[in-house]
Amino acid sequence: MFGVITTAGSIATWIWLRSTADGSDLLATETAAWRVSAFRGLGMVAGFTLMALLVRADRDDVARYVDPAMVLITCAVFVPTPLRMIRTTVLELLEGNPADSIRSAVETQVEAVRGEFGLDPVTTRVTKVGPKLYVEIEGVIDGRTTVDHEHRVRQRLLVALDALPYDVWLNLELLPHAVDD
């Protein structure tokens, strides 16, 4: 009965958190923990039901291995989720590359602005720490560029990157190339 109640509670909490996570890394992590707990509870109920059936069938010799088998199966099935989460967190703390989907979204927006303002070439560096997305862009532009022009490029980039579900911290550096007069 304990297993059924805790499993039902875990499933309800998992579903509720999943519907409210809305892009929060912290809530996504908590949701994953409740999902693991829900599936572990289901496995526990199934395992103990199997153990009870084996005991009723006078198969105590087999029933004693159900609990150790459940521990091994739990480790094999559920350990990858927290390991993935730890890997992602360590990469963020070391300011490594964010997920390919995030980097691709940033590069798509930067490329659109690059074409609009004639920046060539552009170097983009992206790191993500929690909800913050750090974007550093270096571009080469015509040597007659004014501060006003650089400001317009920065504003356009901020508007383009604002579509991403992160708190974007933008650093833009425009380097002039020689003007042939």
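Author: Before we start, a convention: Lys and Arg count as positive and Asp and Glu as negative, with His and the chain ends not counted. Each charge is placed at NZ of Lys, CZ of Arg, CG of Asp or CD of Glu.

Reader: Fine. How many positive and negative side chains, and how far apart are the centres of the two sets?

Author: The protein chain carries 17 positive and 24 negative side chains. The centres of the two sets are 9 Å apart.

Reader: What kind of model is it, and how are residues numbered?

Author: This is a predicted model, where local features need pLDDT of at least 70, side-chain atom pairs count only at pLDDT 80 or more, and totals for chains, interfaces and linings use all residues. Residues are numbered from 1 along each chain as its sequence is written, and side-chain values use heavy atoms, with hydrogens and water left out.

Reader: How many helices and strands?

Author: The protein chain has 7 helices and 3 strands. From the N terminus, the order is α-α-α-α-α-α-β-β-α-β. Helices (H or I, at least four residues) and strands (E, at least two) are DSSP runs, numbered from the N terminus.

Reader: What radius of gyration does the chain have, against a compact globule?

Author: The protein chain has 26 Å, whereas a compact globule of 181 residues would be near 16 Å. That radius is taken over C-alpha atoms, and the globule rule is 2.2 Å times the number of residues to the power 0.38. Along its principal axes, the C-alpha trace spans about 95 × 25 × 20 Å.

Reader: Which distances go with that, say from Asp 142 to Gly 41?

Author: Their C-alpha atoms are separated by 63 Å, at 101 residues apart along the chain. Ile 15 and Leu 174 are another pair: 159 residues apart in sequence, 47 Å apart C-alpha to C-alpha.

Reader: What share of residues is buried?

Author: Buried residues make up 28% of the 181. Buried means under 20% relative accessible area, exposed over 50%, and partly exposed in between (1.4 Å probe, protein chains only).

Reader: Where's the largest nonpolar core, and which element gives the most?

Author: This core has 20 residues, and Val 106, Leu 133 and Val 135 are among those with the most contacts inside it. H6 (100-117), S2 (132-142), H7 (147-161) and S3 (167-177) each supply at least two residues. H6 gives the most, with 5. A nonpolar core is a set of buried Ala, Val, Leu, Ile, Met, Phe, Trp, Tyr and Cys residues joined through side-chain atoms within 4.5 Å.

Reader: What does Val 106 touch?

Author: Beyond residues up to four places away in sequence, Val 106 touches Thr 124, Val 126, Leu 133, Val 135, Leu 161 and Leu 164. Contact means heavy atoms within 4.5 Å. There is also a second, separate core of 5 residues, including Met 51 and Val 66.

Reader: Switching to Thr 31. Buried or exposed?

Author: Thr 31 counts as buried because its relative accessibility is 8%. Thr 31 lies in H2 (residues 25-56). Leaving aside neighbours within four places, its contacts are Trp 14, Leu 17, Arg 18 and Ala 21.

Reader: And Ile 15, which helix?

Author: Ile 15 is in H1 (residues 2-20). At 42% relative accessible area, Ile 15 is partly exposed.

Reader: What about the phi of Asp 58?

Author: Asp 58 has a positive phi of about 55 degrees, though not a glycine. Most residues other than glycine have a negative phi. Asp 58 sits in the loop between H2 and H3 (60-63). Asp 58 is exposed, at 67% relative accessibility.
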